[in-house]
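Here is a walk through one protein chain, side chain by side chain. Keep the model open and follow along.

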Amino acid sequence: MSILADEIRRLAHRYVRKGAKAHRRKQVQKLLLFVAWVETQEAVGHPARLGKRHVIGFWRAHDGLSDKTRYGYWLALCVLWGWLDKPDKPPRPFLRG
């Protein structure tokens, strides 16, 4: 297991314990898939080093996803941005329109 994925799990521990647990677990799984993709592209040692460039690259690499699935990933990334105290929101996915 990578250091980045372990850090995401650590951040998500309290998040998954409250509220709609099944939905929150799905969001954490989406975040772990995002992190796994980022790690295949380049070495990112800490979640604080994740940025908009990584998210845009993820959207471009996964252009076959449906709009609903992309929106689900974007909501999960918004949660991650909140955990990391990043300004604004992550870039929105490219919709097929």
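**From the tail to the core**

At 63% relative accessibility, Asp88 counts as exposed. This is a predicted model. Asp88 is found in the segment after α4. Its backbone deserves a look: Asp88 has a positive phi of about 60°, although it is not a glycine. Asp85 is found in the segment after α4 (67–83) as well. Phi of Asp85 is near 55°, again a positive value in a residue other than glycine. Is Asp85 buried or exposed? Asp85 counts as exposed, because its relative accessibility is 67% and the threshold for exposed is over 50%.

Lys86 brings in a ring. Lys86 lies over the face of Trp81. The distance from the ring centre is 5.7 Å.

Now turn to α3. Which residues of α3 are buried? They are His54, Val55, Phe58 and Trp59. These four cover an arc of only 140° around the axis, so they sit on the same side of α3. On the other side of α3, Arg53 and Arg60 are exposed. What do the buried residues of α3 pack against? They pack against α2 and α4.

Aromatic rings come next. A pair of aromatic rings is described by the distance of the centres and the angle of the planes. A search of the whole structure finds 6 aromatic pairs. One of them is formed by Phe34 and Phe58, and this pair is edge-to-face. Its centres are 5.3 Å apart, with 85° between the planes. The pair links distant parts of the chain: Phe34 is in helix α2 and Phe58 in helix α3, 24 residues apart. Both Phe34 and Phe58 are buried.

Phe58 also pairs with Tyr73. Here the geometry is tilted: 5.3 Å centre to centre, 55° between the planes. Phe58 lies in helix α3 and Tyr73 in helix α4, so this pair ties together parts that are 15 residues apart in sequence. Phe58 counts as buried because its relative accessibility is 2%. Tyr73 is buried too, with a relative accessible area of 12%. Which residues make up the aromatic cluster? Phe34, Trp37, Phe58, Trp59 and Tyr73 form one cluster.

The charged end of Lys30 sits over the ring of Tyr73. The distance from the ring centre is 5.6 Å.

Gln27 is found in helix α2 (residues 21–41). Why does Gln27 count as buried? Its relative accessibility is 8%, and buried means under 20%. A polar contact joins the side chains of Gln27 and Tyr15 at 2.3 Å. Leave aside the neighbours of Gln27 within four places in sequence. Gln27 is then in contact with Tyr15, Leu75, Ala76 and Val79.

Charged pairs complete the tour. How many salt bridges does a search of the whole structure find? It finds 2 salt bridges. Glu7 forms one with Arg10, the closest N and O atoms being 2.6 Å apart. Glu7 and Arg10 both lie in helix α1 (residues 3–17). They are 3 residues apart, about one turn of the helix. The partners fall into separate accessibility classes. Glu7 counts as buried, at 18% relative accessibility. Arg10 counts as exposed, at 52% relative accessibility.

A salt bridge also joins the side chains of Arg53 and Glu42, at 3.0 Å from N to O. This pair links distant parts of the chain. Arg53 is in helix α3 (residues 52–61), and Glu42 is in the loop between α2 and α3, 11 residues apart. Arg53 counts as exposed because its relative accessibility is 56%. Glu42 counts as partly exposed, with a relative accessibility of 29%.

Phe58, one of the buried residues of α3, has its ring paired with Phe34 and with Tyr73.

Definitions and conventions
Residues numbered from 1 in each chain as written. Predicted model: local features only at pLDDT ≥ 70, side-chain atom pairs only at ≥ 80, totals over all residues. Heavy atoms only, no water. Helix = DSSP H or I, 4+ residues; strand = E, 2+ residues; numbered from the N terminus. Buried < 20%, exposed > 50% of the residue type's maximum accessible area, 1.4 Å probe, protein only. Polar contact = N/O pair within 3.5 Å; in protein donor to acceptor, adjacent residues only side chain to side chain. Contact = heavy atoms within 4.5 Å. Salt bridge = Lys/Arg side-chain N within 4 Å of Asp/Glu carboxyl O. Arc of directions from axis to C-beta. Phe/Tyr/Trp six-rings, centres within 6.5 Å; stacked < 30°, edge-to-face > 60°. Lys NZ or Arg CZ within 6 Å of the ring centre and 35° of its normal.
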